[in-house]
Amino acid sequence: MRILDFIVKGQSLTKNPDCDFGNIVAGTRGYLSARFQFYGNEWNTCKKAASFYLEDREFAVLLDENDSCLIPNEVLVSDRFEVSLTGLKNDMLIKTTKVKISKTDVTGSKE
């Protein structure tokens, strides 16, 4: 399984510069996952979900106990998709910026 690593600081979501985001192949199924590393206390005890976007469609997936999830097959039919995070705790709702993922990304790329 291949893991794409992301960094979360407050409402900012970025690609981990140490992770290779390149050469993602359209049509992949059950192979790509996303893992999120949180900095700061805002996200502590939140229920967390990653949203993956293909064009105008959103596919939300709850994060597991390791702050990871499988990337939905529905967004992997294309060579490009976007990801963001949402956290919910009591009456507080946190959303992050979106990050674009493309098969042409290279290690450390920030699109």
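1. Threonine 96 touches Val8, Gly10, Gln11, Leu13, Trp43, Ser84 and Leu85, leaving aside residues up to four places away in sequence, where contact means heavy atoms within 4.5 Å. This is a predicted model, in which local features need pLDDT of at least 70 and side-chain atom pairs count only at pLDDT 80 or more, while totals for chains, interfaces and linings use all residues. Residues are numbered from 1 along each chain as its sequence is written, and side-chain values use heavy atoms, with hydrogens and water left out.

2. Threonine 96 lies in the loop between β8 (92-95) and β9, and it counts as buried because its relative accessibility is 11% (buried means under 20% relative accessible area, with a 1.4 Å probe and protein chains only). A polar atom of the threonine 96 side chain lies 2.8 Å from the backbone nitrogen of leucine 85.

3. Strand β4 (residues 47-54) and strand β5 (residues 57-62) pair in the antiparallel sense over 6 bridges, and arginine 57 in β5 is the bridge partner of leucine 54. The hairpin of β4 and β5 has 2 residues between the strands, and glutamate 55 takes a positive phi near 55° there.

4. The chain averages a pLDDT (the predictor's confidence in each residue, from 0 to 100) of 91, and 93% of the residues score at least 70. Over residues 107-111, however, pLDDT stays under 50, and the model has 11 contacts beyond four places in sequence for these residues. Where pLDDT is low, the predicted coordinates should not be read in detail.

Technical notes: Helix = DSSP H or I, 4+ residues; strand = E, 2+ residues; numbered from the N terminus. Buried < 20%, exposed > 50% of the residue type's maximum accessible area, 1.4 Å probe, protein only. Polar contact = N/O pair within 3.5 Å; in protein donor to acceptor, adjacent residues only side chain to side chain. Pairing = 2+ DSSP bridges.
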